[in-house]
Amino acid sequence: MIDSHLLTAIKVAMQRKGISQRELAVLIGKNETVISRWFAGKVGISSSSVKLLEKALGEKLAQEPTGTKTALITGITGQDGSYLSEFLLEKGYTVHGIIRRSSVDYRERIAHLEGRKNFHLHYADLGDSMSIVKVIAQTRPDEIYNLAAQSHVQVSFDSPEFTADIDAVGVLRILEAVRACGLTHTCRIYQASTSELYGKVEEVPQNENTPFHPYSPYAVAKLYGFWIVKEYREAYNMFCCSGILFNHESERRGETFVTRKITLAAARIAQGRQDKLYLGNMSSLRDWGYAKDYVECMWLILQNKKPEDFVIATGVQHSVREFAYHAFKHIGLELEFRGEGINEEGVCVKDTRKGRHETSLVGKTLIAVSPDFYRPTDVVNLWGDPTKAKAKLGWDPSKTSFEKLVSIMVEHDMAKVAAEGAAAKVRTNLAEYLEKGIVK
Ligand code: F7E
């Protein structure tokens, strides 16, 4: 079996040393095609080759024995928390997660992990210092991933104080709790920072040296988080760093973020369950990546020799309009955008949906603009430059293309809507049978 962790370790070491595949082949006395076949996952790497590689690269590549590291994840029930948990469990970590007490179930994304030997959940809240201190004292983590946040930019205009408490002061509470528990020099901390820091952008594309200009209560709170992490790194020599992540999406994305709102609506419209999708600013530009790829980078940031901040992005930019176009196209509904601003519409010009459909949607307006989804100040030009992460962490930003990301999300939502439709039908039939006394 090919060991993907070993391959990652080799790639990281090669990047650090600036060694190409060809040079590595010479160094270990093998043909370059052998190395290409390793990297393509076609053949395994023998232990004798691992030894040769370790000698040539000057560092230990073998995996740590399983179960030696403990991670604590805040925001474990979210999109990123769930993917990161899977990633770390696969690496042999013991994973602890912080969840908030609630009478409604919001653990859908991690339900499949509950009950696993090395997976543990604790009640705590970023707004409650004592609860954080208790969990950190109890779990004594080697790594903390602070992913918890009020993460919706538009919501931050309605709840600015709550956003500041969790997204700004919450970060401080974690840092102080680590110090209070005597883990200042042993616990590494990853802070989920954001491209929203660039806000009203002063440079395109944005890298680690681009000036910040936060443009929402969310971004201002996150800016505090970024700076307090840097401050504790410098003041107390802590290994704490920020990943400045650009938008990252997936089939697990919350349904009010624009990408998921679009893929779900496209699926519902295609299956006759919704007439129209209302959006805000369709000209807004984003650098969208796949969340599953981005959690690997969070981990790589904490495995780096030095604590440093990194931009994580794909380096490719698209508009909201383009995302919608591709999502609908994937289902067989081709859109043409007509009009401008608040009067813009996405009209169906071709309907090649597979399966039986009563009426064609050609000529119908499937997307319209609503002022409800405009923000008091909107960030409209995000485009990340992942050069540093590529060079220093050996991270590959092009693993999942934009088109692939759209297709993963749309296909997931087509299946979800179809399943919901089937369940609704069963329920409807059951109600009818009960009414008619067919089932008792
Ligand atoms: O908006 C525009 C909207 O809400 C993207 C969070 O994870 O990424 C996310 O923040 C763009 C904006 O994400 C609608 O005005 C148009 O320009 O999907 P979004 P976001 O605000 O970029 C960053 C990196 C984070 O850190 C955040 O936590 O799309 N847009 N029409 C719309 N947005 C929404 N939500 N809904 C619309 O109908």
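I count two strands as paired if DSSP finds at least two bridges between them. I am working from a predicted model.

**Entry: strand β1**
I looked up β1 and β4 with that rule. β1 and strand β4 (residues 143–146) pair in the parallel sense, over four bridges. A71 has E143 in β4 as its bridge partner.
I then turned to β2 (residues 94–99), which pairs with β1 in the parallel sense over five bridges. T94 in β2 is the bridge partner of T70. To get from β1 to β2 the chain passes through helix α5 (residues 79–90), and this β-α-β crossover is right-handed.
Is β1 mostly covered or mostly exposed? I found it mostly covered, with four of the five residues in 70–74 buried.

**Entry: the four-stranded sheet**
I traced an open sheet in the order β8-β15-β14-β13, with mixed pairing. From one strand to the next, the twist averages 25°.
β13 runs antiparallel to β14 (residues 345–351), and six bridges join them. In this pair I saw E334 opposite K350.
Helix α12 (residues 320–331) lies across β8, β13, β14 and β15 (365–369). I noted its direction at about 150° to β13.

**Entry: the nonpolar core**
The largest nonpolar core has 112 residues, and V178, A266, M298, I312 and F328 touch the most other members. Helix α9 (residues 217–236) gives the largest share, nine residues.
I checked I312 for contacts beyond four places away in sequence. Among them are G243, I244, L245, F246 and P386.

Note on methods:
Residues are numbered from 1 along each chain as its sequence is written. This is a predicted model: local features need pLDDT of at least 70, side-chain atom pairs count only at pLDDT 80 or more; totals for chains, interfaces and linings use all residues. A nonpolar core is a set of buried Ala, Val, Leu, Ile, Met, Phe, Trp, Tyr and Cys residues joined through C-beta atoms within 7 Å. A residue is buried if 20 or more other C-beta atoms lie within 10 Å of its own, exposed if 12 or fewer, and partly exposed in between; C-beta atoms are placed from the backbone. Helices (H or I, at least four residues) and strands (E, at least two) are DSSP runs, numbered from the N terminus. Two residues are in contact if their C-beta atoms, placed from the backbone, lie within 7 Å. A crossover is right-handed if, with the strands pointing away from the viewer, the path from the first strand over the helix to the second runs clockwise. Axes are lines fitted to C-alpha atoms, for helices over the stretch in contact, and angles run from 0 to 180 degrees between N-to-C directions.
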